[in-house]
Amino acid sequence: MKKILVVFTFYILGMTTFAQNKMRSVDELINKTEPGWTIVQKLIDKAKNKIEVLSCDTTKAKDALYKTQVTTRSPMGAIIYSTGGILVDNGWIRILGSGNIKLNRTLPDWNKGKSFTEFGETPSFLLIADDAVGGFFAINGGLLGKDAGKVYYLSPDNLEWEPLGLTYTDFLNFCFNGNLNRYYKNLRWKNWKGEVATLDGNLIYNFFPFLWTKEGKDINKISRKAIPVEEQFSFELDMRKQLGIGK
């Protein structure tokens with residue numbers, strides 16, 4: 001486990017090396033002796049929360065793995081290569097993989113243009129998952145704090161990048177076994193399960209009044225509509241700038 005975490009941290013901190021040199025081939029990235037999927041599968045088998053592993057297309061999976069330049073020895077590489085993504089708690093959290101009809105975004109393609117310009121460049125952060133209420137999970141590549149390699153959460157109710165103190169593997173365990181009702185205590189409305197279960201993975205709920213305002217604190221009394229996840233992410237970054245929040 002520790003070796004895998006070290007490998008992923010090296011990926012985040014040292015991706016510049018790969019940008020300066022030739023990117024590794026898919027064959028070099030596929031680890032057949034110590035596959036990270038073994039670890040992910042064990043976490044899934046013991047999961048307390050509802051988990052749906054999405055199927056993937058082999059060609060798209062190889063392409064996504066190549067673009068990300070992380071090996072399948074790591075849990076992230078394993079999820080990209082072996083799944084189209086993972087839905088948690090009726091689709092409330094969407095962990096990015098190599099794309100599926102239910103979650104038609106790949107991890108590398110979703111990040112391009114947000115934290116790097118060309119594949120192989122060092123990402124300042126790496127978006128790894130998002131949730132139905134407009135929250136975004138990202139691994140810190142240096143922009144979000146001094147704890148590179150750790151997961152942050154862009155919270156929709158305060159627009160802050162909140163440090164979770166978790167590695168990617170810890171984050172998976174949080175998704176699979178964490179008390180999500182407690183974590184999202186003020187962000188779940190009555191009968192949310194039915195609505196979220198049918199929500200497309202490229203859509204996300206936008207609320208009005210906004211969740212970070214005084215008027216938007218009672219989620220059962222405000223309006224909501226599903227909008228493209230890209231639109232919501234851009235909106236939150238723009239609002240951060242307007243309100244002078246963070247970086």
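Reader: What should I know before I start?

Author: The model is predicted, so local features need pLDDT of at least 70, side-chain atom pairs count only at pLDDT 80 or more, and totals for chains, interfaces and linings use all residues. Residues are numbered from 1 along each chain as its sequence is written, and side-chain values use heavy atoms, with hydrogens and water left out.

Reader: How many salt bridges are there?

Author: Side chains of opposite charge can pair when their charged atoms come close. Here a salt bridge needs a side-chain nitrogen of Lys or Arg within 4 Å of a carboxyl oxygen of Asp or Glu. That rule gives 11 salt bridges.

Reader: Where do Lys 67 and Asp 63 lie?

Author: An α-helix has 3.6 residues a turn, so residues three or four places apart point the same way. Both Lys 67 and Asp 63 sit in helix 4 (residues 58–68), four residues apart. Helices (H or I, at least four residues) and strands (E, at least two) are DSSP runs, numbered from the N terminus. The salt bridge between Lys 67 and Asp 63 spans 3.0 Å, N to O. A network of salt bridges links Asp 63, Lys 67 and Asp 109.

Reader: Is Lys 67 buried or exposed?

Author: Buried means under 20% relative accessible area, exposed over 50%, and partly exposed in between (1.4 Å probe, protein chains only). Lys 67 is at 18%, so it counts as buried. Asp 63 is at 34%, so it counts as partly exposed.

Reader: Which parts does the pair of Asp 130 and Arg 105 tie together?

Author: The closest N and O atoms of Asp 130 and Arg 105 are 2.9 Å apart, in a salt bridge. Asp 130 is in strand 4 (residues 125–131), and Arg 105 is in the loop between strand 3 (93–96) and helix 6 (107–111), so the pair ties together parts 25 residues apart in sequence. Asp 130 is buried at 0% relative accessibility. Arg 105 is buried too, at 8%.

Reader: How many residues of helix 5 are buried?

Author: Six of the eight residues in helix 5 (residues 75–82) are buried. Among them are Met 76 and Ile 79.

Reader: Which residues does Leu 43 touch?

Author: Contact means heavy atoms within 4.5 Å. Not counting residues up to four places away in sequence, Leu 43 touches Thr 169, Leu 172, Asn 173 and Phe 176. Leu 43 lies in helix 3 (residues 37–45). Leu 43 and Phe 176 are 133 residues apart in sequence, yet 7.2 Å apart in space, C-alpha to C-alpha.
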